[in-house]
Amino acid sequence: MNDAVMERDRLDCRMVNTAKRDGDTGSMGETLSLSCYDVFKSYSAKGGLVLHGVSLEIDEGDSVALIGANGSGKSTLLKSLVGLHPVDKGKVRVLGRELQDGRLEQDVRRQIGFVFQNHGLVQRLSALSNVIHGRLGFPGSWRAWHQSIAPEHWRQEALEALEAVGLGHRAAARADQLSGGQAQRVAIARALVRKPKLMIADEPAASLDPKTGMDVMETFASIAARSGTTLIYTTHDMAHALRFAKRIVALKSGRVALDVASANLTEQELQRFFHEA
Ligand SMILES: Nc1ncnc2c1ncn2[C@@H]1O[C@H](COP(=O)(O)OP(=O)(O)OP(=O)(O)O)[C@@H](O)[C@H]1O
Ligand SMILES: [Mg+2]
């Protein structure tokens with residue numbers, strides 16, 4: 001047996017058991033923020049399955065890095081878990097509520113913060129207005145379209161969120177005048193104003209230079225940890241996976257190939273697994 005195969009076997013031995021549990025509490029009695037069982041997903045009959053029976057249980061307050069090669073299904077899984085893409089088959093529960101017809105009810109959705117890779121900022125609006133957009137979907141949210149019509153306490157909270165990500169001084173800057181790293185911080189601030197119980201981020205540090213990427217991840221993970229927010233993010237950076245998540249889940253061709261506590265792994269082991277997977 002060659003070294004790579006032995007290494008993979010060794011890692012497989014440490015895989016976390018994701019066998020089905022009933023209810024919303026895990027085996028240690030923790031509350032689950034998110035669970036899914038035997039999730040299958042395709043985009044079209046012709047395209048075939050993208051997720052092949054994914055099961056996961058994520059405890060409240062946990063932090064999980066989702067890794068895997070391009071096309072392995074990470075973004076699809078994140079979107080399916082929060083009802084943005086209905087699943088073909090399987091059971092998904094988020095913050096104690098089951099998805100209905102693949103959709104998540106709005107009161108649950110309000111408790112989730114999303115950060116997507118392309119930021120999704122409105123370019124001609126200020127950083128402050130973009131952060132206040134995090135309030136969209138909440139009662140009275142027509143007032144979240146622009147900072148000038150937002151209630152004072154929303155403006156204040158948005159400013160505090162911008163300060164938390166180190167951008168209080170750029171509140172008035174238009175989004176199209178920000179650098180990629182700054183825009184990503186604004187997107188994180190926009191997710192933070194929702195005071196989410198669950199934060200879902202798809203490659204929050206992609207396209208940032210190594211130092212900015214590390215800074216953005218640091219800010220993001222430490223704010224989530226301080227507020228007890230459950231964090232799930234995808235990344236291609238093994239250092240980001242190990243440093244900012246307690247647990248690492250690897251997808252391979254739409255299946256969970258590894259699910260392990262990050263404390264049990266080194267970056268070399270993870271790199272090796274990633275390249276073998
Ligand atoms: N909206 C869509 N319609 C059809 N097929 C899609 C759609 N989104 C993703 N796919 C397909 O699903 C598969 C998984 O894609 P997904 O974006 O989930 O992968 P990923 O792991 O996030 O990859 P990456 O690391 O490149 O972001 C790919 O084969 C992709 O072509
Ligand atoms: Mg993706």
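## The E1–E4 pairing

Strands E1 (residues 32–42) and E4 (residues 89–94) run antiparallel and share 5 bridges. Strands here are DSSP E runs of at least two residues, helices are H or I runs of at least four, and both are numbered from the N terminus; two strands count as paired if DSSP finds at least two bridges between them. Val92 of E4 is the bridge partner of Cys36, and Val94 of E4 is that of Leu34.

A quick note on provenance: this is a predicted model, where local features need pLDDT of at least 70, side-chain atom pairs count only at pLDDT 80 or more, and totals for chains, interfaces and linings use all residues. Residues are numbered from 1 along each chain as its sequence is written, while chains are lettered from A and ligands numbered from 1 in the order in which they are written.

## The rest of the sheet

Zooming out, 4 strands make an open antiparallel sheet, ordered E2-E1-E4-E5. E2 (49–59) and E5 (97–98) sit at the edges with a single partner strand each, so one side of each has no neighbour in the sheet.

E4 and E5 are antiparallel and joined by 2 bridges, with Glu98 in E5 partnering Arg93. Their hairpin has 2 residues between the strands, and Leu95 takes a positive phi near 50° there.

H6 (residues 180–192) has 13 residues and spans 18 Å from first C-alpha to last, close to the expected 18 Å, which is 1.5 Å times one less than the number of residues. Of its 13 residues, 11 are buried, meaning that 20 or more other C-beta atoms, placed from the backbone, lie within 10 Å of the residue's own. The cover over these buried residues includes strands E6 (112–115) and E7 (198–202), plus helices H4 (127–132), H5 (152–164) and H7 (210–227).

The largest nonpolar core has 80 residues, and Val131, Leu162, Val186 and Ala189 touch the most other members. Such a core is a set of buried Ala, Val, Leu, Ile, Met, Phe, Trp, Tyr and Cys residues joined through C-beta atoms within 7 Å. H6 supplies the largest share of this core, 7 residues. Beyond its neighbours within four places in sequence, Val131 has contacts including Leu162, Val186 and Ala189 (C-beta atoms, placed from the backbone, within 7 Å).

## Around ligand 1

The shell around ligand 1 includes Tyr43, Val50, Asn70, Lys74, Ser75 and Thr76, going by C-beta atoms, placed from the backbone, within 6 Å of the ligand. Helix H2 (residues 74–81) gives the largest share, 3 residues.

Notes: Buried ≥ 20, exposed ≤ 12 C-beta atoms within 10 Å, placed from the backbone. Contact = placed C-beta atoms within 7 Å.
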